Amino acid sequence: MIFMEDLDYCTSAKGMFGKHMLDAGFGQFRTIVKYVCWKRGKFFAEVDARGTSQECPECGGLVKKDLSVRVHSCPNCGYTTDRDVAAGQNIRNRGIKLISTVGQTGMETACAVDLPGTDASQSRQVAKSRKGKTRKSSK
Ligand SMILES: [Zn+2]
């Protein structure tokens, strides 16, 4: 399963990250990840991204830091890791919490309806068996 933050990249592009957010194509990347998950039958969900960089993934405590602080070091439980790793762990924790909540598991199929060309690839995927064709044995 894959969880991604539900950031509105159009809003971010107007804000502090400016045009870099659009140049890097984050929104497009998310669409591709969503599609690949759907195609491979993997679970995909977006989680609330607010405060993921300010929260301790180990104890849940609030650890305030601005963008220049690259290391997460929790004064409550002592957990120390890279800032981005901590944010990723928070997204994972929230995702697992989300799917363990009754009534939220239906989100899995939500991406199937709004992706262009998914009908065609679905029928192709069913018809085509890749068993034994993709790799030859390395003897
Ligand atoms: Zn902590």
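Figure 1. Two residues are in contact if their C-beta atoms, placed from the backbone, lie within 7 Å. Where pLDDT is low, the predicted coordinates should not be read in detail. Over the chain the mean pLDDT is 75, and 60% of the residues reach 70 or more.

A word on conventions before the close-ups. Residue numbers start from 1 along each chain as its sequence is written. As the model is predicted, local features need pLDDT of at least 70 and side-chain atom pairs count only at pLDDT 80 or more, while totals for chains, interfaces and linings use all residues.

**Figure 2. The chain as a whole has 5 helices and 4 strands.** Along the sequence they follow the pattern β-α-α-α-β-β-β-α-α. Helices (H or I, at least four residues) and strands (E, at least two) are DSSP runs, numbered from the N terminus. Of the 139 residues, 13% count as buried. A residue is buried if 20 or more other C-beta atoms lie within 10 Å of its own, exposed if 12 or fewer, and partly exposed in between, with C-beta atoms placed from the backbone. Among contacts between residues at least 6 apart in sequence, 51% join residues at least 24 apart.

**Figure 3. Helix H3 (residues 26-40) and the glycine that follows.** The expected span of a helix is 1.5 Å times one less than its number of residues. Just after H3 comes Gly41, whose phi is positive, at about 70 degrees.

**Figure 4. Strands E1 and E2 run parallel, joined by 4 bridges.** Strands pair if DSSP finds at least two bridges between them. Met4 stands opposite Glu46 in E2. Phe44 and Glu46 point one way from E2, Ala45 and Val47 point the other way, and all are buried. Met1, in the segment before E1, counts as exposed because it has 12 C-beta neighbours inside 10 Å. Met1 and Phe44 are 43 residues apart along the chain, yet their C-alpha atoms are separated by 5.8 Å. Leaving out residues up to four places away in sequence, Met1 touches Lys42 and Phe43.

Figure 5. H4 has 17 residues and reaches 25 Å from first to last C-alpha, close to the 24 Å expected. Its buried residues are Ala86, Ala87, Asn90, Ile91, Arg94 and Gly95; what covers them includes E1, E2, E3 and E4. The largest nonpolar core has 7 residues: Trp38, Phe44, Ala45, Val47, Ala86, Ala87 and Ile91. E2 and H4 are the elements that give two or more residues to this core. Such a core is a set of buried Ala, Val, Leu, Ile, Met, Phe, Trp, Tyr and Cys residues joined through C-beta atoms within 7 Å. Ala87 also touches Thr52 and Ser53, not counting residues up to four places away in sequence.

**Figure 6. Three residues in the loop between E2 and E3.** Asp48 lies in this loop and counts as partly exposed, with 13 C-beta neighbours inside 10 Å. Beyond residues up to four places away in sequence, Asp48 touches Asp6 and Arg94. Asp48 and Arg94 are 46 residues apart in sequence and 7.7 Å apart in space, C-alpha to C-alpha. Arg50, also found in this loop, is exposed because 12 C-beta neighbours lie inside 10 Å; its C-alpha is 9.8 Å from that of Ile91, 41 residues away in sequence. Cys56 belongs to the loop as well, but is buried, with 21 other C-beta atoms within 10 Å. Setting aside residues up to four places away in sequence, Cys56 touches Gly61, Val63, Cys74, Asn76, Cys77 and Tyr79.

Conventions: pLDDT is the predictor's confidence in each residue, from 0 to 100.
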